[in-house]
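This report walks through selected features of one protein chain, section by section. Please keep the sequence and the structure in view while reading.

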Amino acid sequence: MPLVGRRRELTALRDAVTSAAVGHANAILLAGEAGGGKSRLLGALVDDLPDPQALVLRAQCVDLGGPGLPYLALVDLVRAVQAAAALDPELAAVLDRAPFVSALADPSAAPDETVDESRPLRLFDAMATLLGELGRVRGPVVVTVEDLQWLDSSSTSFLRFLLSRMSSERLAVVATVRTDGVAARPRVRQLLSELGRLPTVRRLDLEPFSAAEVAEFLGLLDGDPPTVEVAAEVARRTRGNPYYIQALAAAVGGVARVEEALPRALADLLVGALDRLPDDARNIVRAAAVVSHPVPDHVLRSVATLDQAATEAAVRVAMGEGLLTADSAGYSLTHDLLRAAVYADLLPGERARLHAAYGAALEAATGGRAPAAEVAHHYAEAQDAPKTLEWSVRAAEDAMRVLAPSEALGHLEQALAVWPGVPSAAAVAGVSHGGLATRAARAAGLAGETSQAIEWAGRAIRLCDADSDVAGAVQSRAELVRQLVAIDATDQVVTLAEEAVRLTESSPTDAGLTALAHVALARALLAARRTREARPQAERAVAEANTAGERALEVDALTTAAFLDEIDGDREGAAKRLRNAAQLARAEGELAAELRAHYTLACLHYYNGDVSASLPVLQAAMSRVTESGLRWSDPGVELRVLLAVSRYTAGDLHGSLEAAATSGRRPPDAAAARLAAVSCYAAVALGLADAERRLADLHHSWGVHPQVALVAGGCDADRLAWAGDSTAAVAAAERAQQHLDSAVGEGMYGGLWLSAIGLAALADGAALSRQRRNDAEVAVALRQGETVIGRVERIVEGGRGRPGELGPEGLAWRARAVAEHARLQGRPAVQEWLAALDAFGYGHVYEQARCHWRLAEALVAAGDRDAARAHASEAAASAEQLGALPLQRAVAGTVSAARLAVTTGGGVPVLTGRERDVLALVAEGLTNREIGRRLFISEKTVSVHLSNLMAKLNVSSRTEAVTVAVRRGLHDVLGSTPSA
């Protein structure tokens with residue numbers, strides 16, 4: 001039948017595929033009420049694609065009730081890829097490179113023993129990469145996902161991941177979703193809201209048929225067009241819903257009789273179609289209505305309690321009446337509206353019996369290997385508490401095996417709800433009551449439901465204690481410690497962990513349980529900063545975990561012990577432990593643990609002042625991140641952030657920008673904001689034109705993570721100070737400090753950096769006020785400075801950050817704050833700046849250059865021009881090597897004002913490449929406008945370069961600049977051809 005209406009929508013869908021074909025990935029949410037024609041429209045697109053080479057991958061969401069089957073939509077997509085690959089060698093080669101994705105279609109391929117927390121992100125990244133690769137080798141890929149309102153939680157997370165990160169892949173995603181009933185589905189409503197805000201996503205709402213379209217549709221159904229009055233009445237009664245129109249026309253025997261036979265309720269019309277069926281056919285339709293997906297023949301036969309011949313006869317009758325449809329997967333009702341109406345018409349007892357029959361049929365037909373979530377759903381609807389408990393626990397285990405914690409939590413909560421009504425529940429579930437609650441706490445924690453995790457862990461403790469379940473009591477306490485430490489709620493953790501250790505000492509327990517208790521206690525004591533007491537607990541945990549063969553626990557224990565080694569000053573011992581932990585985690589396939597060990601090792605080097613040693617560790621770890629698909633996992637993001645900061649500190653400003661860049665698929669919001677923030681270090685130091693925009697774009701993300709506010713606020717203050725707006729710079733630093741204090745509490749070590757920047761801006765402002773002889777302004781600045789330097793000393797004495805003493809970086813910022821405070825007071829402060837220069841000698845190249853410059857100024861004020869010239873030369877050379885334009889200009893200004901005639905170590909004035917180009921053209925006698933045309937830059941930019949080079953050469957005219965250049969050995973520059 002031809003498509004009625006929908007031309008605008010079909011054009012939009014085709015445009016989406018065309019756009020994807022040229023590398024503009026996009027998605028369309030096709031929204032409308034049930035029966036509105038979404039599937040029909042999608043079918044029209046697939047039947048006549050604008051690009052015949054497009055690869056279509058279909059996924060169908062299914063309403064299983066409750067938590068559902070994890071990754072169901074992804075499994076559909078993988079199986080669709082496998083089917084296509086079976087016919088196409090190129091696609092098969094792409095699929096062969098994605099074994100991690102292929103394993104998803106075979107649940108038995110999932111690991112049974114350990115739960116790798118990195119699995120979801122690995123899977124999502126691998127699946128997105130696979131789709132991108134498929135598009136590269138075989139036209140655009142068109143992914144269709146039908147009935148998004150039933151999307152399981154794990155598949156929802158994947159769709160959110162994919163649509164928020166795709167950009168240049170040859171990929172078009174079309175998802176259909178019902179709009180009726182969304183108000184009762186908050187998760188669906190939230191998903192639609194989130195996806196609707198993504199730049200790659202467009203929402204298309206299918207409107208009901210107009211009266212003219214109703215008339216056209218009725219004419220196609222019956223062969224004769226209806227009267228205007230009949231079409232209007234049908235439109236009114238059906239509200240333009242295509243499925244209702246079709247069902248109505250079929251029920252009354254054609255358009256000619258539609259006016260005289262209009263029923264009062266369309267639901268009666270749908271269910272009334274069953275009245276004319278024989279009993280067997282009616283029973284078949286009712287049985288099929290209990291599930292929302294196709295039912296295999298043998299299952300349907302068992303549920304309806306018919307033999308094969310009777311089933312086939314009944315099915316033929318139902319299909320002949322247009323109520324059932326068949327495909328390779330089995331039988332289903334022709335439309336979900338019909339299924340819903342038939343299901344709603346079942347008596348409560350009928351529903352329960354049919355669900356119980358489905359549960360038994362699935363259980364028997366697969367030898368116990370049925371999808372546990374589906375079996376649990378049927379037994380729950382049948383109100384069979386023992387079977388619900390048994391299969392809900394199995395479903396939770398299946399979900400955790402593939403790390404779908406949201407689904408696992410739902411199944412565990414269902415199991416815990418029916419527990420009281422099940423005799424010998426522990427025997428049925430295979431776990432104690434408290435043990436099941438501990439599993440719920442673990443699943444909630446992994447799902448990000450921290451408050452639920454804490455609540456379930458507390459309940460698990462009470463249940464285990466009441467049942468004298470020692471193992472469960474230890475495990476539940478360890479889980480509660482884990483959750484409380486994660487949110488920095490350390491008041492109770494030590495007591496809880498000590499109770500766990502006492503339980504292992506008072507009752508015979510295995511080494512693994514003992515190791516768990518001691519890891520928990522070590523972690524709790526470390527969180528409470530009782531580091532000396534944590535040492536024996538961590539050492540015992542390492543030994544016990546090793547003896548028990550609990551490798552994941554051993555990695556945790558080694559990492560904790562290494563942190564304690566670092567605090568005690570044994571950095572070499574800490575590094576050795578961390579290398580061992582990383583190797584052990586890699587051997588055991590614990591990727592997330594391996595990356596945490598690498599990150600901790602890099603932090604060990606960086607925060608103890610060995611920046612150069614942190615870089616190879618970070619580079620190696622980032623290679624593992626890339627090859628394992630963990631770009632946006634927590635350890636992956638932490639590693640990338642630290643790499644960007646380490647490169648900046650080491651003086652590789654452009655390398656820092658590269659490390660922080662997020663090309664391709666968009667990272668999660670928090671990761672994107674943190675990386676954008678740390679990129680501002682280099683952007684401000686380099687004087688990039690877009691530094692102000694970068695910082696402005698970050699302002700709305702300050703609440704995402706404390707690091708965003710700290711870095712963005714401090715960098716903005718630094719940028720404003722370089723721009724000469726000292727008042728705004730002071731305000732920016734204070735604004736960031738106040739945000740940090742309110743977000744994480746006062747005394748964070750990051751305040752040392754903010755305070756040093758704020759004091760520098762106050763000193764700049766005071767210097768201008770002294771020139772203007774405005775003593776009142778100077779007095780205000782001095783009072784502000786006393787407040788800030790007081791805060792610096794309080795942070796040094798009792799601040800918070802990484803456990804242990806204040807490291808080299810913190811000490812360096814304190815030294816700079818002291819030097820800036822002295823400059824604010826109007827003192828030369830030579831000794832203070834020498835101390836700051838020495839403190840940054842741990843490896844902060846850019847700050848060393850800045851200290852050389854300030855020291856040169858102090859030495860000029862103190863009358864030591866020779867020493868000032870040497871330090872100004874160091875500052876100028878370093879600033880040029882770094883490409884730090886604001887610092888270059890500042891040094892040049894100091895050199896010009898003091899007439900220091902600064903040169904580099906080789907005796908050559910410090911000129912940038914562009915300044916040398918400009919100087920060469922000046923020597924040719926060109927004007928600024930002519931130079932700009934030759935170099936493809938503006939006349940104003942030429943003037944800026946000329947002013948800078950004249951300041952560096954300590955000259956006052958263009959002619960003098962050329963003369964001095966010749967005299968100082970720049971013949972090669974003046975004789976060269978400038979590059980554009």
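## An exposed alanine

Ala897 is exposed, because its relative accessibility is 69%; here buried means under 20% relative accessible area, exposed over 50%, and partly exposed in between, with a 1.4 Å probe and protein chains only. The residue belongs to helix α44, which spans residues 885-898. Helices (H or I, at least four residues) and strands (E, at least two) are DSSP runs, numbered from the N terminus. Ala897 and Ala951 are separated by 54 residues in sequence, yet their C-alpha atoms are 8.5 Å apart in space.

## Basis of the model

This is a predicted model, in which local features need pLDDT of at least 70 and side-chain atom pairs count only at pLDDT 80 or more, while totals for chains, interfaces and linings use all residues. Residues are numbered from 1 along each chain as its sequence is written, and side-chain values use heavy atoms, with hydrogens and water left out.

## The chain overall

The protein chain contains 49 helices and seven strands. Of its 980 residues, 54% are buried. Contact means heavy atoms within 4.5 Å. Among contacts between residues at least 6 apart in sequence, 69% join residues at least 24 apart.

## The parallel sheet

Five strands make up an open sheet with parallel pairing, in the order β2-β3-β4-β1-β5.

Thr144 is placed opposite Val174 in β4. Helix α2 (residues 38-47) lies across β1 (26-32), β2, β3 and β4, and runs at about 160° to β4.

## The hairpin

Strands β6 (residues 324-327) and β7 (residues 330-333) pair in the antiparallel sense, with four bridges. A hairpin of two residues connects β6 to β7. Two facing positions can be named: Ala326 is opposite Tyr331 in β7, and Asp327 is opposite Gly330 in β7.

## Aromatic pairs

The whole structure holds 11 aromatic pairs. Rings of Phe, Tyr and Trp (its six-membered ring) pair if their centres lie within 6.5 Å; planes under 30 degrees apart count as stacked, over 60 as edge-to-face and the rest as tilted. Tyr648 and Tyr681 are stacked, because their ring centres are 4.9 Å apart and their planes are at 15°. Since Tyr648 lies in helix α32 (residues 634-649) and Tyr681 in helix α34 (residues 669-686), this pair ties together parts that are 33 residues apart in sequence. Both Tyr648 and Tyr681 are buried.

Trp813 and Phe840 form an edge-to-face pair, because their ring centres are 5.1 Å apart and their planes are at 80°. This pair links distant parts of the chain, 27 residues apart: Trp813 is in helix α40 (residues 808-824), and Phe840 is in the loop between α41 (830-839) and α42 (845-862). Trp813 is buried at a relative accessible area of 6%, and Phe840 is buried at 0%. One aromatic cluster is formed by Tyr648, Tyr681, Trp753, Trp813, Phe840 and Tyr846.

## Charges over rings

A charge sits over a ring if NZ of Lys or CZ of Arg is within 6 Å of the ring centre and within 35 degrees of the ring normal. Arg351 lies over the face of Tyr343, 4.8 Å from the ring centre. The charged end of Arg854 sits over the ring of Trp853, at 3.9 Å from its centre.

## Cysteines

How many disulfides does a search of the whole structure find? The search finds zero disulfides, a disulfide being a pair of cysteine sulfur atoms within 2.5 Å. Cys464 counts as buried because its relative accessibility is 1%. Cys603 is also buried, with a relative accessible area of 4%.

Methods
Two strands pair if DSSP finds at least two bridges between them. Axes are lines fitted to C-alpha atoms, for helices over the stretch in contact, and angles run from 0 to 180 degrees between N-to-C directions.
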